[in-house]
Structures are given as structure tokens and as C-alpha cells.
Amino acid sequence: MSSARRLLAGLRETMARGTAPLGELVRLVASELVAEVCSVYAMRPGDILELVATVGLRPGAVGRTRLRVGEGIIGLAAATGEPLNLPDAQNHPAFAYRPETGEEPYASLLAIPVRRAGRTVGVLSVQNRAPRLYAEDEVELLATVAMLLAEVLVAAGATGGAEEGVSATLPRQFEGAGLAPGLAIGPVVLRRVTPHARRLLAEDADTERGRLRRAAETMREGLDALIERAPEGGASRDVLDATRLLAADVGWLHRVSEAIGSGLTAEAAVQRVAGELRERMRHIADPYLRERLADIEDLANRLLEALDGDTVVLPDVPPGAILLARRLGPAQLLDWHGRGIVGVVIEEGGPNGHAAILARALGLPALGAARGAVDVAETGDEAVLDADEGLLILRPEAELCQAYRRALEAREARAAGWAALRDQPARTADGVPLQLMLNVGLRMELDQIAATGADGIGLFRTEIAMLARGSVADIAEQASLYADVLDRLDGRPVLFRTLDLGGDKLLPGAPLPEEENPAMGWRSLRVGLDRPKLLRRQMRALLLGARGRPLSVMFPMVATVAEFRAARALLLAEAAQADPAPAQLQIGTMLEVPSLLWQLEALLADTDFVSIGSSDLMQFVFAADRGNAALAQRYDLLSAPMLDLLEQVRFAAVAAAVPLSLCGAAAAHGLDALVLAALGITSLSMPATAFLPVKAALAAVDLGGFRAVLRALRQTGAAEPSLREPLLAWCRERDVPV
Ligand code: PEP
Ligand code: MG
């Protein structure tokens, strides 16, 4: 029998007896690892680690030796969540001497953090007199024991840093990053990271492997069923397909099977392997790879749920609940959305994550990076989620809650009023017609066309579906998406934009270099022109998807007319081979790099249309990172430089008779949209959530009068950083909903 199996078999017996297993546990570990010392430290309130069991150190130190998290080797292991394997521990800079332990003779030390549900609940250590580095299999074995120990420590009351007692009834506020806009108020429902495996040690590995096989099958069937239901349910096929792909990867199931071989149950083995992957991926800087964490979590939980029985038992969701999760996979978000949640907080969610993309597509208010919320909240706690302000307020004071309720009611009343606008033509109060369109990127977002009554798609971001699936789709899959888009739009305009990857939009494993300024780096069309195969494949897919219908394609991040011409030549070459050829091929460009402003005449002579990408254009004009919230006040569309610039572009486009639209974030704000319309830019494209409010703002204004006010303010306030305040005041006086 291997030492691992022997140790786990011994632990199984000890735990089955159920009597004070800690003393027995340290003795067993010390004997199996031939260690002279084995000790257990448990986390106490206030982030204190207390020695609770030892063999080898002086018994009198138990209950007396206490270290803060971060103090000494034990505290360091707890703080970093990393094992420490030290041949000469006493000369380590973090070593903290505790005379009561009598540990002077021991040179080598291996400390393993004991973690449960992402929190450190204690530390397990072994020590030896002789200086030695513990072998890899010893470290692994101790990590397995630490997993078992976690259950024992939590049952015995180790806190893992969670708040206790009276603090659990006080209001708490968490700041995070808005992932999807909106406001929600409701009871909290918690999704803890890992359902805990109740039975940890198994008698028979074959039985456990059989259970694992059946559970994996159930999990795949469940995913298939979800995928099949996806179109009716409005769920995203792209995202579910990506999860399904990961589920089919036998590599990690194989590792689970190996962990079963060391004596664990299937549940414990899944937890152990998922935990290892999690730890390894914690250090990855690449945001997209890090987001795969949520996908692995998603799968591990599905597998655990399948192991628990054929039916998935999830907590009851009270009506209008706000979900709090440490991490959340996209498929899980779809499940929860189907069960009626009205908002979601994802502690470790970033704006590039799949769940964030989905939340935006679903119109579900979502907050990310709100660390600590899951630990502090209890299911049923009242909460206010203000994703616009990046805030979660747990257990709000009654008055505050009332104020938010009034704000929510006002929003809902406004939204109900806007709903009637859906079927009205878009125009200002004095009858100026507008073309209002949507920015989309996922198949599921196509439902929004009917929901908003949009005139078309002014920006189809083709990279979004690829980011959601985690890789570039092949030509057939791309063509099927593009064909669906054109089917659903049924003759209304669609401006497809070729891949805009790079900058903040990175695919896992994509061969992009480390760059100091990725937003200004090798991204977008630059990649497409340097690696034309990828771009040409996408062009082929677009032409295939068009199936002979009219097709409009534009290029992102064009900086020179020469680049535009090169991209256009590639598309024309592909189009010449297309069968059937599109009834009409319109080739246009985004205007989001300032250098194009001095090449307008040549550009307008060659391009069929122009769409202004105001977000990138502004970040380059003002040299202010659009992703940095701290700089948000340092630039404004309603400033003299931007207004002059927009006016010049519009003037040149009209002179050249080239259609002009704007699809950047500016079009999503009522006041900015009004100003754009006043400047004559009347074709605007925006996210679905902004559509009806913007339409309402435009419908409420006499554009002729507004234009005169704008003209006067531009003369008197040209030196001001922004005209926003006086324009807002003008709108408020007239009850224009901006
Ligand atoms: C923009 O830059 O304004 C734009 C529409 O493109 P994206 O937001 O995709 O960069
Ligand atoms: Mg852009």
C-alpha cells in the first residue's frame, strides 16, 4: 500500500470514530511523512492563527501560541495561500520565534495553508531536525490532508476571516466595478463557491470512478439540453458551446480520476483538482485566461451537483433576488437568470469576463470586483445594487432603502413610458428624422431589435462572439452567425465590423506581444493587415453569410487611407470569388484614430460610409485611457475641441455625400445624442439599454431651439472644459429626460 493510501485509510478510520480527530490526525501525518513535528493552526476571529494540535512541539503551546496572518512562516503561508517548503526555516526572514513551542531544534518546515471555499481557515505544518526540502509527493499528500482538515476545522469553528456576531446585522457598503448598468433592490441569494463534499474518503476507487463517469455524462447531457433550449430561451449558444467544449476536455477528468486513486471520493477529488487549477490560475495576469477560472468553477460545480444525484438542488430563489457569487460562469448566469434574479454581484468578475458580456446582453444589472461581499452577506439580507455607481449596499438603513426604491420606481415609470415609444418613428419634437440603431455582438442580443424597435445594427462587433467562446470560430460557424443576423434584420441595415482584437480585448493564447500601450499597439486592423489570413477568412465568412444579400463591412482602427485601401482590396478580392456575390457591397471605415482627420478628403473619396468610434477617438484626442475611471472627468464630448472636430467631419461627409453615423459610447447618453443631432449627425448606434431613453430625450426636444442654444454656448463658453452643465440645466428646465 502506498503511503498516501495508507495515510488516507488511517484518517478514514479516525474520522469514522468521530472523536477528537485532530490529535490523531497530526500523529498519523507525522508518522507517515516521517516528520518529527506535525502541527495544526486554526483561524480565529481577527485573523489570528492559533496552535490547536501538535505532535513534537511542547503540548503547553497548544492554545497559547498565536500568530497574526502574515506573521511568521505559518502566518505567511496563510496570507499568501501558498505552501512554503523551507530547508532552513529559522533563517527565513519571516521566521517568528515562539519560545513556548520548543521548536529550536527543527530546521526544515513545510507549511500548507488549509483553505475552504476560497478562504484560509488554518495552516498544517510538518518539521524535521535535518535540513531538507520536502519531496513533491510529500507536499501533495499534505495538501490532500489539508483538504480533509478544512472540513474538521470549519466544523470546530475556525472562521476563515468571516465576520461574526453583531457585525452581521450592520449595513455594509462595497465598492466595485459596474459590469452591466442598472439598479436593483431585493433579497440576497448566495452562491457559495464550492458545494462541500460531505463524504471525503472512499473505500473503493472503482466505485468512485464509475460515479465520476456517470456524473460527467449527466453534466454533458444537462449542457446539451441547455444548448438545445438556447434559441427559445434567448440563451447564447456561443457561450454555452464554449462551456461544452471545456466539459469534453478529458485532461482534467483524468486528473480527477488520479486523485480518486489516492483514496478520495469522486466529490473530494473534483474539489481537489478544481482547487489546484484555481490556485495555479490565480497568478495568471492575462484577464481572459483568468476568466477561464469561472468556467472551471462552473464545470466543477456542475459535476458536484451531478454527483449529488441526478437532480440539481439549488437554493430557492425568492422573487426579485440579487445573486452574490464569488465567481460565476456564463452558463450558470443563464441558469440563474432563468430563475428570476434581478441583479448579480460577482466578486471576482471583470468587465471582460464572459459573465459580464452576458449580463449586458441580458440587461441584468451587474457589479464586479466587490471583494468580501460574499463572506459578509447572508441569504435573505436586503440589498441595493447600484451598478451605475459601482455600489452594493448590504442591509441598507430603512431610509436609504426607501430613497433607492423611489429612484427605482421613477426609473420603472420612465421605462413604461418609453415602451410606448418603441413603435413610434424616431424623430425630434420638431419632426427631424433620426436613424437610431443598436450596437450588438452576440446572437442573443438580436432579440433586442424587436424589443427596442431599432432601425438596424449600426455596429456589429464581430470579436464579441469570439471572446465569449474563447477562440476564433471557423468560417462555417462565423458564416452561420452572420447569416442569422441578416435573417433576423430582414433587410434593415447592418454594419459588420471586422475583428477588433487586441488592446483590452484579448483571446486566450492569442500571439499578441507584451506591450506598454496596448490600446495604441498591435491591435485590430493592424493585426488583420499583418496576418491577412485571419482577416480574409472572416471576409469569406461574411460573404458566405450574406448569401447574395446586400452586405456592409467596416474596418476598425484605421489610421491611414493606405490601410483602408489595403483592407478594402482584400475584401474586394474575396468578393470577386464569392458565389453568390452580394447584391451590393458597401465598404466603410470607423473613424476612431485622429490621424484620419487630416486625410478626410482622400478617405471620403474611397469609402462608402464612415462610422465615428467616439470612445477611441476621444481617448486618442485627449490622450486619456478610456478604461481608467480616474480620468473620466478629463475629457468630454461636449467640449470645444470635440464639437469642432465633429462638425468638421460632418461638413466633409455631407460635401462628399458619404453617409456618416456614430457608434461610440457617446450616443448612449441623451444629452450627447441631442448635441450630435444638433450638429447634424442624426444616425446614432448604441447599446440596447440606452435605446429608448435616448429616443425619449430626442423626442422631447425642439432641435431648432436647441441648436440655437448650443451655438450661443459654443461662442460664450469656448474656453470652458465642457458645455455639459449649462446644457443639462437647459434640459432640466424643460423636463427633457436626459
Ligand atoms: C469606439 O471606439 O467608440 C467604438 C465604437 O469601438 P469599441 O468600443 O468597440 O472600441
Ligand atoms: Mg473602438
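**Figure 1. Valine 256 within helix α7.** Valine 256 is placed in helix α7, residues 250-261; helices (H or I, at least four residues) and strands (E, at least two) are DSSP runs, numbered from the N terminus. The model is predicted: local features need pLDDT of at least 70, side-chain atom pairs count only at pLDDT 80 or more, and totals for chains, interfaces and linings use all residues. Side-chain values use heavy atoms, with hydrogens and water left out, residues are numbered from 1 along each chain as its sequence is written, and chains are lettered from A and ligands numbered from 1 in the order in which they are written. Valine 256 counts as buried because its relative accessibility is 0%; buried means under 20% relative accessible area, exposed over 50%, and partly exposed in between (1.4 Å probe, protein chains only). With residues up to four places away in sequence not counted, valine 256 touches Leu212, Ala266, Ala269, Val270 and Val273, where contact means heavy atoms within 4.5 Å. The C-alpha atoms of valine 256 and glutamine 271 are separated by 8.7 Å, and the two residues lie 15 residues apart along the chain.

**Figure 2. The shell around ligand 1.** Ligand 1 is surrounded by 14 residues, the closest being Arg461, Arg497, Gly613, Ser615 and Arg626; a residue is near a molecule or strand if one of its heavy atoms lies within 4 Å of it. The shell divides into three nonpolar, four polar and seven charged residues. In this division Ala, Val, Leu, Ile, Met, Phe, Trp, Tyr, Cys and Pro count as nonpolar, Asp, Glu, Lys and Arg as charged, and the others, Gly among them, as polar. At least two shell residues are supplied by each of β16 (457-461) and α21 (614-621), and α21 gives the largest share, three residues.

**Figure 3. Polar contacts of ligand 1.** A polar contact is a pair of N or O atoms within 3.5 Å; within protein, one must be able to donate a hydrogen and the other to accept it, and residues adjacent in sequence count only if both atoms are side-chain atoms. Arginine 497 has a polar side-chain atom 2.8 Å from an oxygen atom of ligand 1. Arginine 626 likewise places a polar side-chain atom 2.8 Å from an oxygen atom of ligand 1. From aspartate 616, a backbone N or O atom lies 3.0 Å from an oxygen atom of ligand 1. Taken alone, ligand 1 exposes 290 Å², of which the protein buries 97%; accessible areas come from the Shrake-Rupley method with a 1.4 Å probe, and for residues only the protein chains shown count as cover.

**Figure 4. Glutamine 538 in helix α18.** Glutamine 538 lies in helix α18, residues 532-546. Its relative accessibility is 0%, so glutamine 538 counts as buried. Apart from neighbours within four places in sequence, glutamine 538 is in contact with Thr462, Gln478, Tyr482, Arg497, Thr498 and Leu499.

**Figure 5. Phenylalanine 555 and the nonpolar cores.** The largest nonpolar core holds 125 residues, of which Phe555 and Phe706 touch the most other members. A nonpolar core is a set of buried Ala, Val, Leu, Ile, Met, Phe, Trp, Tyr and Cys residues joined through side-chain atoms within 4.5 Å. Not counting residues up to four places away in sequence, the residues that phenylalanine 555 touches include Thr498, Leu525, Met539, Phe564 and Ile587. A second, separate core has 59 residues, including Leu22, Ala42, Leu200 and Leu253.

**Figure 6. The covered helix α23.** Helix α23 (residues 670-678) is mostly covered, with nine of its nine residues buried. The cover of these buried residues includes α22 (640-656), β21 (660-662), β22 (683-686), α24 (688-699), α25 (703-716) and α26 (724-733). Just after α23, glycine 680 takes a positive phi of about 95 degrees.

Figure 7. Most residues other than glycine have a negative phi, and most peptide bonds are trans. Arginine 547, which is not a glycine, has a positive phi of about 45 degrees; it is found in the loop between α18 and β18 (551-555). Arginine 547 counts as exposed because its relative accessibility is 52%. Alanine 657, also not a glycine, has a positive phi of about 55 degrees and is placed in the loop between α22 and β21. At 65% relative accessibility, alanine 657 counts as exposed. Aspartate 579 and proline 580 are joined by a cis peptide bond with omega of about 5 degrees, and proline 580 is in the loop between α19 (561-577) and β19 (585-591).
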